[in-house]
Amino acid sequence: MEYEALLENAYRKIKPIEKCKRFEIIKVQGHYEGSKTIVKNFLRISSCIRRPYAHLMKFLSKELASPAEISGERLIFQRKISPGDINLKIKKYVKEFVLCPKCKKPDTELITRKSEAILHCLACGAKYSVHEI
């Protein structure tokens, strides 16, 4: 009985992992540390839009004109950037690299062949060439 009580106590203390809906663009949770911007939920954002975090990081780094690096689950920009600006760039990324231009569904995959990137829609079968980052 003692084990079960300890187990129930542990379950109450841990924070449940929030799951993404079928397709959801999560808002940035972050803060400033000196002159740096920390995005605490970056890996969760990239997993909810089903894209590699390195690809999203590279896009954000170029669009926001700031070097960035991953530290654990966080993304660290080397300058202060407002969360609103980061959210706008994530929406732009989703429009260019996630949503199908034909059917507007998020059921897509990025395929890289040589120096060409292709957005393949798994819902309607369309294929579109997208620019390399």
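**Stop 1: the surface patch**

Select I14, which is found in the loop between helix 1 (2-13) and strand 1 (30-33). Helices (H or I, at least four residues) and strands (E, at least two) are DSSP runs, numbered from the N terminus. This is a predicted model: local features need pLDDT of at least 70, side-chain atom pairs count only at pLDDT 80 or more, while totals for chains, interfaces and linings use all residues. Residues are numbered from 1 along each chain as its sequence is written, and side-chain values use heavy atoms, with hydrogens and water left out.

I14 counts as exposed, at 51% relative accessibility. The classes are buried under 20% relative accessible area, exposed over 50%, and partly exposed in between (1.4 Å probe, protein chains only).

**Stop 2**

Pick F42 in helix 2. Is F42 buried or exposed? F42 is buried, with a relative accessible area of 1%. Show its contacts (heavy atoms within 4.5 Å). Not counting residues up to four places away in sequence, F42 touches Y53, L56, M57, L60, I70, E73, R74 and L75. Then draw a distance from F42 to E2: the C-alpha atoms are 39 Å apart in space, and the residues are 40 apart in sequence.

Stay in helix 2 and select S46. S46 is buried too, at 4% relative accessible area. Beyond four places in sequence, S46 touches R51, Y53 and L56.

**Stop 2: the nonpolar core**

Go to the largest nonpolar core, which has 25 residues. Such a core is a set of buried Ala, Val, Leu, Ile, Met, Phe, Trp, Tyr and Cys residues joined through side-chain atoms within 4.5 Å. Select L60, F77, I86 and Y93, the residues with the most contacts inside this core. Helix 2 (42-48), helix 3 (53-63), strand 4 (74-77), helix 4 (83-97) and strand 6 (116-121) each supply at least two residues of the core. Which element gives the largest share? Helix 4 does, with 5 residues.

**Stop 3: the salt bridges**

How many salt bridges does the structure hold? There are 4. Each is a side-chain nitrogen of Lys or Arg within 4 Å of a carboxyl oxygen of Asp or Glu. Side chains of opposite charge can pair when their charged atoms come close.

Select R50 and D107. Their side chains meet in a salt bridge (3.8 Å, N to O). R50 lies in the loop between helix 2 and helix 3, and D107 in the loop between helix 4 and strand 5 (108-113), so the pair ties together parts that are 57 residues apart in sequence. R50 is partly exposed, at 41% relative accessibility. D107 is buried, at 17%.

Next, select E63 and K89. Their salt bridge spans 3.3 Å, N to O. E63 lies in helix 3 and K89 in helix 4, so this pair ties together parts 26 residues apart in sequence. E63 is partly exposed at 29% relative accessibility, and K89 is partly exposed at 22%.

K92 forms a salt bridge with E63, the closest N and O atoms being 3.0 Å apart. This pair links distant parts of the chain: K92 in helix 4 and E63 in helix 3, 29 residues apart. K92 is partly exposed, at 34% relative accessibility. Salt bridges that share partners join E63, K89 and K92 into one network.

**Stop 4: R79**

Finish at R79, in the loop between strand 4 and helix 4. R79 is partly exposed, with a relative accessible area of 35%. Leaving aside neighbours within four places in sequence, R79 is in contact with S35, K36, T37, L64, A65 and S66. Draw a distance to S35: the C-alpha atoms of R79 and S35 are separated by 5.1 Å, with the residues 44 apart along the chain.
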